[in-house]
Amino acid sequence: MRASALAPLLALPLALAACGEKSGPPPADTAGAASAASAAPASAAPPTQAPDPPPRLARVTTPRPAEVLAPVAVEVDARQVAGGAVYLRVAMPAKMDALLPRLSAEARLIVEGDAYGFAVPAADGRVADRPLAYVRFPGGQAPDRFTLTWHQPAPAGGVGARQQLEVSGAQAADASQLVEEGFLRAASQWFDRRGARGFMRFEPFYAFAAARLELLGEALRPGGDVGALRQRRRGDIGEAMALYTGWTSIEEALQADRGLRTNPDPDSALTVALADVRGIALPGHPWEALQAKQATAPVTEPLAAFAPADMLYVHFHDLRQLVRLAADADELLTPVARTIEEQSGARHFTARYERQLIVQRSALSQALGHVAVQGVALVASDPFFRDGTDVSVLFHIRSEAALDQALGVYEAAARKRRPDLVESTWDAAGHPVRLLATADGEIHQHRLTLDGVRILSNSAEAVRRIVDAHEGRRPSLEKSGDFRYFRTIYPFGVEAEDGFVFISDAFVQHAISPRTKILQGRRMEARAALQAAGFAALLHGWLQGRRPADTAELLKSGLATAADLKDPWGGAIALDAEEGPASATWGRPARMVPLIELPLEKVSRAEEAAYATFRETYQAYWRGFIDPVGVRIKRDAAGGLALDARILPLIQQSDYNELARLVGDVRMDVQAPREGLAFQFTVAPDSRLRKSVEDLGRELTDRRDIGLGWLGDRVSVGVEDRSSLWDLALAMGEIPAASRPEGIDDRDARKQIFARAPVYVTADIADGLALAAALTAIKAFVASAAPGVVEWKTTEPYREVPIVQVQERFDGDGLSIYYATANRQLIFSLDPGTLHARIDAALDGERGKTTRSPRDAEGQAQAVLTFAPRKGGWLGKTILGMLERGVANANVAASRAYEALAVGRRELPADEDARRAVALAWLGQEPINAHGGAFSIGGDGLVAHSLYGTEVEPKWPELPVAGSPTAAFLDQLEGLQLTIGYEGGEDDRGLHTTVRWQRRP
């Protein structure tokens, strides 16, 4: 969190607390509340707090049926026969008041009847001289009369609608040479709107379809200039090399480019040698000097001798722990991450690598893992797991017979499933390597046993590098300075850790190298080309009502050209009616060839310039060193997880460094998380936060005696687990529902909701007299500047702690802020119940110490975030409700992706696995909902989800959704704690973080 964001948080309660009563000097207990409360005995028996009342607002989830309007008769006013299709323009009716109350250009129009037709709205608005819709019938005939159903999506909190349009006059309509162009433009705009989601986000198929139809329409227009379209929609592949890359938006932009058939860049000729592209020259840490300062020697595991120094490295001493961690990630963490990112689908890349390597995370591997192996490591040369990377598994063999038995079971199943599996051998530096592979790359296992280590890899080049590392021809992790230093901080030991993740200097250097960045940019372009070829076939299904019989028919339709069946470097793209697009060089949309397997000798001037831009940006942020990362993983008996990580050094201009400047060298004890959500951080004496708040107060009051000289070393901002949190989220519209809660639009009702907000701010008090002086000065200023605006009064004490209420007097009782001091803490809250809970915590809880030290210390940190929801409590339910917006948004995107596939393919397999394979082949992902459920095409032609309904008649499932992974994650979560601490000096300042996930027993 930025210091600039924290300043108003702390300044607000300070300013409110200063508001005075109607006249006269401050009451005697105003400044003395701190000392009085501090003196209250911690042993005083706490009175029974009032129970948390139920929430005042209810989430409305009752489905709202679509409004169905009476049919309206409309006529075709123009027609055109072109390219083997009939195009019709449907006129607005004379009496437009009989139409839907609003006409949405995003509406879905379904042609009813025996003849297939594709219809789109013509334009926004209700103007008599504009057409209502365009309809395209494939073939040379169109029915004279047909029914067009207009499905109007439900707006947020509103009701959808549908209406039948009885269309007549198709045969008698006047011929026009403009109808086809009008249809193409309207359809382009419709696809563009329908595929949009959020800011600059589009579903890739819709981006392609919009661009392709726009191109075809522009080509028909007299004087049309398709070159202008290409220039306007040109994507920037240089963005693919950005330090923080928005992969999704780049892929969508590339789909638009492919749809417009953009010409090659003038500087696209491969004329620059890769060796001549200047990389990023950053010095490494002085590892030997740092190592010399350590009191102990490094302790490394045997498999580190096999891992190349420039590869990502993950090690577990027990295969069962790796399997359990992967299962937790798949079942709990991945769905939550997908919800937060609002992903519309899953690429199932973990299952993809399992199939390639013929390894399964099954009960057999868990049962025999500790018997067969005494350590397992995963290595990869780049981080692009979703697209496709090299993955190698290293087993430190304990029992070769047991390991062979487990692997043999998987291999037998693979041979049965894929009879076309071919076995061959090749040589890696004198070591025979066995290869099991299928022609399509689904299975691609290289297998080698080397000095008691079994190696499985999907990459021949990765195998060569592993062999070279072990035999000394390539640096290995075991001998690299950064790994040895981290293994001094985190010495290997089966009791100390279950797993260890290491990102080395060399791996980072490789990931940002010209080769990796330029190849990944090319692979993204190649993936866009592959998808575009498949999308052209899907668009054929939308327009023609059936799949193209073969590539020749697709080319004849004009939706694709020979250029669409080549990648940007001239390689052929094969388009199979069942298997989808594929390239011998690049692979498939859902399974791209690893970068390590791709050659790169020459690059273009454009690629060189794009990398130069990336290099300058990177070097502006990372000055001095590259950052290795080490993460120790430990699981507890209950299945909880503890991560301990160090990052060296910190990126310049980052939020981490801004937080470091805020907290300075002050550290605090890390205590067990208590119920609720809280962010606690230390505040250095010379931090920017102190200065910002003081400058703000003095600027507002023009008084020099208002400051933070009283503030101690620690500040907390948090939320209690109370029902009013649910009310607050509903009132603010953070939880999607069928409609707004009843009565929420009433001003007084909203004020009462906000008055019960269970938020609080606490701050340590270093000087009680200074606090009293500051409050007195602010109160006196407000009393003179705005007399009668607020009332400051003492309310009933809690546990002998005086409580001060500052209440606005504009209208009725108004909003109040309450504050008290207990155990040398100043506590603010809008809600008395929340204030009481914090007083209890201050008096009964163990007060952690703060110290001022430039070095990291065991059990201390400088910022701590804790999340501990009560089982079945309102905090967890509110979090689920707020995540629900992401689920709903992703569901819309997923339904669009499913629609693209279902309408374009016309038929999808009934079998779930086969349907997933089709989606991966044609879309590169499977459209899914984070809560589960299934998509289908209903009898009305609309996409329906079993939990969320259709766009016209949406549903809002009750929370928590039964069986949902996000609900399961929260249900199993006892507590989550994240800590941040800084260590080292100016040149080697590092970040030490811990994450502890406590699982409910």
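Helix 3 and helix 4 make a left-handed crossing, meaning that the near helix is turned anticlockwise from the far one by less than a right angle. This is a predicted model, where local features need pLDDT of at least 70, side-chain atom pairs count only at pLDDT 80 or more, and totals for chains, interfaces and linings use all residues. Residues are numbered from 1 along each chain as its sequence is written, and side-chain values use heavy atoms, with hydrogens and water left out.

The axes of the two helices (lines fitted to C-alpha atoms over the stretch in contact, with angles from 0 to 180 degrees between N-to-C directions) come within 8 Å and cross at roughly 160°. Helix 3 and helix 4 are therefore roughly antiparallel, a label for angles over 145 degrees. Helices here are DSSP runs (H or I, at least four residues), numbered from the N terminus.

Here's who meets whom, with contact meaning heavy atoms within 4.5 Å:

| Helix | Residues | Among its contact residues |
|---|---|---|
| Helix 3 | 179–195 | Leu184, Ala187, Phe191 |
| Helix 4 | 204–220 | Phe205, Leu213, Leu216 |

Now for the cores, sets of buried Ala, Val, Leu, Ile, Met, Phe, Trp, Tyr and Cys residues joined through side-chain atoms within 4.5 Å; buried means under 20% relative accessible area with a 1.4 Å probe, protein chains only. The largest has 43 residues, and Ile633 and Phe316 are among those touching the most other members. A second, separate core of 42 residues includes Phe205.

Overall, 54% of the chain's 1001 residues count as buried.

Key: Helices (H or I, at least four residues) and strands (E, at least two) are DSSP runs, numbered from the N terminus. Angles under 35 degrees count as roughly parallel, over 145 as roughly antiparallel, 65 to 115 as roughly perpendicular and the rest as oblique. Buried means under 20% relative accessible area, exposed over 50%, partly exposed in between (1.4 Å probe, protein chains only).
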